[in-house]
Amino acid sequence: MTNDVKESFSADSPPAPAALAAKVRTLAPSMTRSMQRVAEAVAGDPAGCAALTVTGLAELTGTSEATVVRTARLLGYPGYRDLRLALAGLAAHQQSGRAPAVTADIAVDDPIADVVAKLAYDEQQTLADTAAGLDTVQLGAAVSAAATARRIDVYGVGASSLVGQDLAQKLLRIGLIAHAHTDPHLAVTNAVQLRSGDVAIAITHSGSTGDVIEPLRVAFERGATTIAITGRPDGPVTQYADHILTTSTARESELRPAAMSSRTSQLLVVDCLFIGVAQRTYETAAPALSASYEALAHRHAPRSR
């Protein structure tokens with residue numbers, strides 16, 4: 001997807017008020033420090049910022065009016081006026097809801113019950129943010145490409161490789177030809193064989209993992225339809241992606257690294273992609289899924305004593 005397409009899509013489809021906080025969390029790490037101050041201000045106090053003019057918000061954050069406008073556009077709004085309307089909507093949404101009782105900041109001496117509560121809350125927030133920020137137009141296009149693909153290759157390393165294997169396994173069980181590649185050399189040599197009508201999927205939370213970008217680039221140049229599942233919609237991987245599916249950027253802590261947080265949102269996107277493909281190919285997917293269940297049924301039968 002080209003930058004022109006990305007920009008035009010953002011301008012035509014501003015995020016809903018409820019999705020604003022998720023958008024800020026996703027894009028903040030890739031912003032300049034001055035833009036981060038604006039983004040953090042609007043996400044932290046939407047009601048207060050909604051009452052400010054562009055000049056007032058610039059003064060509050062120690063930035064310039066131009067920075068405020070650039071931040072609004074990066075968040076998906078045509079201008080600051082549209083951002084203010086979204087902030088008012090977000091403030092109303094927050095006032096009608098209930099404040100969370102816990103945060104995900106886990107301390108070394110936390111009781112295990114607190115750990116469970118904090119992780120559960122963080123998982124819920126990650127899933128909610130991912131769902132709010134997921135572009136359903138891009139998802140639909142990715143589903144259409146995968147449902148009719150001759151072959152699907154999935155690239156991922158580290159924690160993302162586990163998600164890639166999960167996706168490939170799901171697709172295989174509904175009768176599609178899918179392979180998850182975790183070895184970067186094999187990933188590239190397989191990508192060379194792709195062509196138009198094939199699909200290549202790169203999974204990278206950072207959007208800058210070279211071992212994932214390289215095979216996606218080769219697949220892109222060979223004419224395959226390429227999909228990036230990433231927490232950085234402006235990361236290097238997206239320059240070789242026809243379709244971009246954005247995951248939530250959860251907060252990282254000492255006891256919960258980004259790999260754990262990102263996997264939750266990646267699995268949600270993978271499940272959405274898989275269910276969409278299964279719906280499109282239901283006539284062949286349903287019998288294939290039944291056949292796979294039958295083939296494995298004896299392995300789950302209780303053993304006789």
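The legends below describe close-up views of a predicted model. Residues are numbered from 1 along each chain as its sequence is written, and side-chain values use heavy atoms, with hydrogens and water left out.

**View 1. Overall content of the protein chain.** The secondary structure comprises 14 helices and five strands, taken as DSSP runs numbered from the N terminus (helices H or I, at least four residues; strands E, at least two). Of the 305 residues, 44% are buried (under 20% relative accessible area; exposed is over 50%, partly exposed in between; 1.4 Å probe, protein chains only). Among contacts (heavy atoms within 4.5 Å) with a separation of 6 or more, 71% join residues 24 or more positions apart.

**View 2. Surroundings of I152.** Leaving aside neighbours within four places in sequence, I152 is in contact with A146, L171, L176, I177, A178, H179, V199 and I201.

**View 3. Packing of helices α11 and α12.** The axes of α11 (residues 184-191) and α12 (residues 210-221) come within 8 Å and cross at roughly 10°; the axes are lines fitted to C-alpha atoms over the stretch in contact, with angles from 0 to 180 degrees between N-to-C directions. Helix α11 is therefore roughly parallel to α12 (angles under 35 degrees; over 145 is roughly antiparallel, 65 to 115 roughly perpendicular, the rest oblique). P184, A187, V188 and A191 of α11 meet D211, E214, P215, V218 and A219 of α12.

**View 4. The buried residue D129.** D129 lies in helix α8 (residues 112-133) and counts as buried because its relative accessibility is 7%. Beyond neighbours within four places in sequence, its contacts are A22, R25 and S248.

**View 5. The loop residue R150.** R150 lies in the loop between α9 and β1 and is partly exposed, at 38% relative accessible area. Leaving aside neighbours within four places in sequence, R150 contacts I177, Q193, R195, G197 and D198.

Note on methods: This is a predicted model: local features need pLDDT of at least 70, side-chain atom pairs count only at pLDDT 80 or more; totals for chains, interfaces and linings use all residues.
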